[in-house]
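Subject: Structure handover

Hello,

Here is the structure for you to take over. Please open it first, then read my notes below.

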Amino acid sequence: MSLHATPTLLQLAMQSLLRDEALAISALQDLPMELLPPLFKDAITHKRLNILRKMVQVWPFPCLPLGGLMKMKTPYLDILQTILDGIDAVLDQNTHPRNYKLQVLDLRALHKDFWTVWAGDTTTSCAPGVKCRRKIQKRGPKIEAKQNSLKVFIDLYLKPRALDTCLSYVFLWARERKALLQLGCKKLKINTVAIQNIVKILEMLDLDYVEEVEVCCTWKLSTLAIFAPYLGQMKNLLSIILSHIHVPASITPEEEKQLVSQFTSQFSNLQYLQDLSLDSIDFLKGQMDQLFRCLEVPLEILSITDSKISESDLQSLSQCPGIRQLKHLNLSGVILTDISPEPLRVLLERVAATLKTLDLENCMIMDSQLDVLLPALSQCAQLIMFNYLRNPISVSILERLLHHTSRLNYLSLEMYSTPWEIYGAQGASYHKRLEQLREELSKAMQHLEHNRTVWFSVAPCLP
């Protein structure tokens, strides 16, 4: 008995059309629209380039999610060129074919369900009981498109080496047709210091479409300043991740101040920003007020990590208009030992109604500082995760801390360093008290509807 499934009538019809190229091309205008996606998919698999070129010209859907069907790699270059040739034939016409509805050519690796459903294959679809990830509704204005223009979407990861062959071809093709289409990038990731090459790419893009930017390499402050005006044009930006900005010793204080201003001033244009993540950004120490003044839109995520900040920076953050709906705050690696706890207390009070995760790992907060923060922390009624690892803590203040967090009904994960006293001369008695605390905490949490995990590191953090 053959193990191969019997071909469906649809599959047999597709095979028949692909075998007779002339018949397939002549029949495209009259085929039911539901036959186009599976035929298109098979034409790519078997590299029926002439059929592909004609199919694009009668595509009956607003979007052609090409990136969900093939990789943007060199082996597919001939297919990409063929499809763009077919689009050219339509763009050059004053009137489009009657069935032509294409508005978006999406070259991102998305929309694979489109091809799965239309190809009649339900094996990879979401089965009952399997949760599908829903697209988060994003706030933001509608982007005005050029009249009758085609929108082409890509994701970009800029590296030290040149763009791959397919993306290079797309940029060349788009440059020659700039008046007829918009080239948009939703996700922009940069891992190169070659700012001249970056600028050339940015000049080709419609920056209104950029939603996520990540700079994951070390830039000089002057490089960031060159990039800043383009950042300010990304008016629908939702997320920015920036790390490791280097300030050369040769730069004067006046020059540094001017370069910082060129960067921070752009944030007043980012009216839809939700996620701001800054790592190793010591250049902003003492100047963060310039940034926080510009953040009027309510952020959901704020991460400032492994950075030096001043007390005035923390004060300006606590007064920032953009934190009023903050859900996630990460200050890990920001040393707060010599900073008054008052600004952080005010900050926690301001975000108490919405905050869900709080990460204070390795902030080197002392017991006396934590004691000031406890009332504000206990007001964070929505908190589900609290990370306090790598902070020196005594058994007595830990007992008070756990007393406050026990009131937080949604808190499911707490992480602490083992109290340093456990390893001292009187360690045995302190260890006994810690075990008692764990038992008391376990009993106190029995009434909760969800599980709560209280995790202690093996090694203590010494004061």
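Strand β7 (residues 239–243) runs parallel to β9, and five bridges join the two. Within that pairing, I241 stands opposite S277 of β9. Before going further, please note that this is a predicted model.

β9 also pairs with strand β10 (residues 301–305), again in the parallel sense and over five bridges. There, D279 has T305 in β10 as its bridge partner. To get from β9 to β10, the chain passes through helix α11 (residues 288–294). This β-α-β crossover is right-handed.

How many residues of β9 are buried? The strand covers residues 275–279, and five of its five residues are buried. D275, S277 and D279 point one way from β9. L276 and L278 point the other way. Both sets are buried.

Next, helix α3 (residues 36–45). Seven of its ten residues are buried, so the helix is largely enclosed by the rest of the structure. The buried ones are L36, P37, P38, L39, F40, A43 and I44. Look just past the end of α3 as well: K47 takes a positive phi of about 55° there.

Now the rings. The structure holds ten aromatic pairs. One of them joins F263 and F267: the ring centres are 5.3 Å apart and the planes meet at 85°, so the pair is edge-to-face. The cut-off for that label is an angle over 60 degrees. F263 and F267 are both buried.

F386 and Y416 form another pair. Their centres lie 6.0 Å apart and their planes are at 75°, so this pair is edge-to-face too. Which parts of the chain does the pair link? F386 belongs to strand β13 (residues 385–388), while Y416 belongs to strand β14 (residues 413–418). The two residues are 30 apart, and the pair links distant parts of the chain. F386 and Y416 are both buried. They also belong to a cluster: ring pairs link F386, Y388, Y416 and F456.

Two lysines sit over rings. K186 lies over the face of F153, 4.9 Å from the ring centre. K189 has its charged end over the ring of Y157, at 4.7 Å from the centre.

Y157 comes up again in the second largest pocket, where it is among the residues closest to the centre. That pocket holds about 1100 Å³ of space. It is lined by 43 residues. The closest to its centre are D155, L156, Y157, D164 and L167. Which elements give two or more residues to this lining? They are β3 (150–158), α7 (165–176), β4 (181–190), α8 (195–204), β5 (212–215) and β7.

Last, the cavities. There are four of 30 Å³ or more. The largest cavity has about 50 Å³ of space. Its lining is made of L314, L336, I339, S340, P341, L344, I365, Q369 and L373.

Then turn to the ring cluster of F386, Y388, Y416 and F456.

Best wishes

How values were computed:
Residues numbered from 1 in each chain as written. Predicted model: local features only at pLDDT ≥ 70, side-chain atom pairs only at ≥ 80, totals over all residues. Heavy atoms only, no water. Phe/Tyr/Trp six-rings, centres within 6.5 Å; stacked < 30°, edge-to-face > 60°. Buried < 20%, exposed > 50% of the residue type's maximum accessible area, 1.4 Å probe, protein only. Helix = DSSP H or I, 4+ residues; strand = E, 2+ residues; numbered from the N terminus. Lys NZ or Arg CZ within 6 Å of the ring centre and 35° of its normal. Pairing = 2+ DSSP bridges. Right-handed = clockwise from strand over helix to strand, strands pointing away. 1 Å grid on protein atoms, 1.4 Å probe; cavity = no way out; pocket = protein on both sides within 12 Å on 5 of 7 lines; lining within 4 Å. Points joined across faces, edges and corners; volume = space filled by probe spheres on them.
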